[in-house]
Amino acid sequence: YPFDRTGLMTTLVGSAALGTVYSAPPFRLKRHPLLAAMCIIVVRGTLINLGFYAHAASVLGGPLVPGRALWGSAFFAVFGSVIAMMK
């Protein structure tokens, strides 16, 4: 594989792990509103945005500018919070 896929693999593994902990026994975080909300916000607001940004920066050869990624993460964390509250 010609590209560094560390960011992509971290995102996929982290999302899968949190999704499993969210849904599967014995943890089943979706039964606890605060833990479920935090799980949704972390995956949708932070993990996906930062991981895919890191992957895209490595593939396109651009600089990894954390400020841009953090603004996007904060923006989508707001939407994740709304999704978590509506669930």
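Select Met 9 first. Met 9 sits in helix α1. Keep in mind that this is a predicted model. Is Met 9 buried, partly exposed or exposed? At 40% relative accessibility, Met 9 counts as partly exposed, because the partly exposed class lies between under 20% for buried and over 50% for exposed.

Met 9 and Gly 51 are 42 residues apart along the chain. Their C-alpha atoms are separated by 8.2 Å.

**The nonpolar patch**

Which helix gives the largest share of the patch? Helix α1, residues 6–23, does, with three residues.

Phe 52 belongs to helix α2, which covers residues 33–60. Show its surface next. Phe 52 has a relative accessible area of 37% and is partly exposed.

**Along helix α2**

Stay on α2 and pick Ala 54, which lies in this helix. Ala 54 counts as partly exposed, at 25% relative accessibility. Then pick Thr 10 and draw a distance between the C-alpha atoms. The separation from Ala 54 to Thr 10 is 10.0 Å. Along the chain, the two residues are 44 residues apart.

**The loop between α1 and α2**

Move to Pro 26, in the loop between α1 and α2. Show the backbone from Pro 25 to Pro 26. Is this peptide bond cis or trans? The bond is cis, with omega near 5°.

Arg 28 is also placed in the loop between α1 and α2. Check its backbone angles. Arg 28 has a positive phi, about 45°, although Arg 28 is not a glycine. Both features deserve a stop, because most residues other than glycine have a negative phi, and most peptide bonds are trans. Now colour by accessibility. Arg 28 has a relative accessible area of 30% and is partly exposed.

**Helices α2 and α3**

Select α2 together with helix α3, residues 66–86. Turn the view until both axes can be seen. The axes come within 8 Å of each other. They cross at roughly 155°. Why do α2 and α3 count as roughly antiparallel? Angles over 145 degrees are classed as roughly antiparallel, so the pair α2 and α3 falls in that class. The crossing of α2 and α3 is right-handed.

Next, pick Ala 69 in helix α3. Is Ala 69 buried or exposed? Ala 69 is buried, with a relative accessible area of 8%.

Ala 69 and Ala 16 are 53 residues apart along the chain. Their C-alpha atoms are separated by 21 Å.

**The whole chain**

Clear the selection and zoom out. How many helices and strands does the chain have? There are three helices and zero strands. Read along the sequence, they give the pattern α-α-α.

Switch to a C-alpha trace. Along its principal axes, the trace spans about 40 × 25 × 15 Å. Finish by colouring the chain by burial. The chain has 87 residues, and 24% of them count as buried.

Conventions
Residues numbered from 1 in each chain as written. Predicted model: local features only at pLDDT ≥ 70, side-chain atom pairs only at ≥ 80, totals over all residues. Heavy atoms only, no water. Helix = DSSP H or I, 4+ residues; strand = E, 2+ residues; numbered from the N terminus. Buried < 20%, exposed > 50% of the residue type's maximum accessible area, 1.4 Å probe, protein only. Axes fitted to C-alpha atoms, helices over the stretch in contact; angles between N-to-C directions. Parallel < 35°, antiparallel > 145°, perpendicular 65-115°, else oblique. Left-handed = near helix turned anticlockwise from the far one by under 90°.
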